[in-house]
Structure formats: structure tokens, C-alpha cells
Amino acid sequence: MKKKINLFWEWFASIANLLAPNFENETLLEEIDYKVSSLGNFSWEIGPGKVKDNSFTLSPNGNVELLKEAKYILSLSPIIDNWELHFAKQRKEWDFIFHLKQNNIEKPFDAKKWKYVLFEFDDKTFDIIIESPDLMVLNEDDRYYAVQIALDGALGEEDRINKIKNIEIVTNAAAYKSQLSKFENLFDHFTSISK
């Protein structure tokens, strides 16, 4: 496996300069897809970086076991000029709006309209209830996927995997009215109580 990983990074370093000015290069994107899938059941993202110009993320798809593998794969990565490399999706600076494809139509969702309640456990993990009437148009799997997207954006995928144990999505969380907070405040709340 180590040889395969080293070959992947050698290849990625060789195309990084071609990819950087053109994230829409279909040939390279297909090659990345093929080569990442040969490493395991990972997904990936490219885009602008926070510290460097460009960013490549190998995502474990929310799987805690794959997170360990993704960390190992990244531990073998070289330094690539103008690229930051990540083993999980990073927290975003964003407007909390994302799109999901439903019946071949891109549908926007606005997580700023959501509310949440966190329940903390002794091991510093959490359960979360998300109040979001707009997600009820989706089937159960897509609702869960939508919340994962929003949590990854708000907290980062690694914290979502390691810290959020159970997710419940409801239309109305009136029973927790005094504890409800705006979803856009989740990161600050989470950071303050998980220290």
C-alpha cells in the first residue's frame, strides 16, 4: 500500500502546476478520481487554499476508520509548492448555503435558518438535534447527507466524525425551545464547550 500511496503523491506533484490554474480540467479531474478510488473509498476536493493558493483534500467520507487511513496517506505526502493538503474536509468560511441535486435539479438549502441543540457527554462527544423544516422535502438518507455537509462546513469533517455521535433532524424542536441556538453559531458554541 505504501508504494501505491507514494506513486499517487509522485503523480499528483507532477500535475499540480497544470491543475492549479484550471480546476475545471476534465482530464485531470477524471485521473484524480481514478487514482483516489484506487487508494480506497475516499472522496476528494480541490479549490483555493486558506494559507496557500490551492488546496487538495482527501475525505474519508465520514468514516472513522478511513479517517485513520487518510491521515496515514497524508503523512506520506510531499511538500508541493502552493498547495495545502488535508486528510479531511476543512471548516469553511461561508454563507451556510449549499446545494443538493434532487431529480437532476440543484436545490439550495440555507443552514442559517436552522437551529440546533447540543447534548454533551463525559467523553467530550455530543449528540445534536437539528431543527430544519426545509430538509423534510428530502428522504431520510438525503436529509442526513445534507446535515453532514453543513456540519463539515461549520466544524470540519474530523471534528464531526470524532465528536458528533448522533444526529437527529426534526421539523420542530419546541421541547428544547430554551436551549435552541442558531446553526451559524455552532462553531463558536462547540469550541467554547469542547476545550
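At what angle do the axes of helix α1 and helix α3 cross?

Tutor: This is a predicted model, in which local features need pLDDT of at least 70 and side-chain atom pairs count only at pLDDT 80 or more, while totals for chains, interfaces and linings use all residues. Residues are numbered from 1 along each chain as its sequence is written, and side-chain values use heavy atoms, with hydrogens and water left out.

The axes of α1 (residues 2–19) and α3 (residues 64–75) cross at roughly 60 degrees and come within 9 Å. That makes α1 oblique to α3 (under 35 degrees counts as roughly parallel, over 145 as roughly antiparallel, 65 to 115 as roughly perpendicular, and the rest as oblique). Axes are lines fitted to C-alpha atoms, for helices over the stretch in contact, and angles run from 0 to 180 degrees between N-to-C directions. Helices (H or I, at least four residues) and strands (E, at least two) are DSSP runs, numbered from the N terminus.

The crossing of α1 and α3 is right-handed (the near helix is turned clockwise from the far one by less than a right angle). On the α1 side, the contact is made by Lys-2, Ile-5 and Trp-9, and on the α3 side by Tyr-72, Ile-73 and Leu-74; contact means heavy atoms within 4.5 Å. By class, this contact of α1 with α3 has five nonpolar, no polar and one charged residues (Ala, Val, Leu, Ile, Met, Phe, Trp, Tyr, Cys and Pro count as nonpolar, Asp, Glu, Lys and Arg as charged, and the others, Gly among them, as polar).

Next, the sheet. Four strands form an open sheet in the order β8-β7-β6-β9, with mixed pairing; two strands pair if DSSP finds at least two bridges between them. At the edges are β8 (164–170) and β9 (181–182), each pairing on one side only. Strands β6 (residues 115–120) and β7 (residues 126–131) are joined in the antiparallel sense over six bridges, and Lys-115 has Glu-131 in β7 as its bridge partner. Helix α4 (residues 140–155) packs on the sheet, where α4 touches β7 and β8, and its direction makes about 125 degrees with that of β8. Helix α6 (residues 186–193) also packs on the sheet, touching β6, β7, β8 and β9, with its direction at about 10 degrees to that of β6.

The loop between β6 and β7 holds Lys-124. Lys-124 is not a glycine, yet has a positive phi of about 65 degrees. With a relative accessible area of 31%, Lys-124 is partly exposed (buried means under 20%, exposed over 50%, partly exposed in between, with a 1.4 Å probe and protein chains only).
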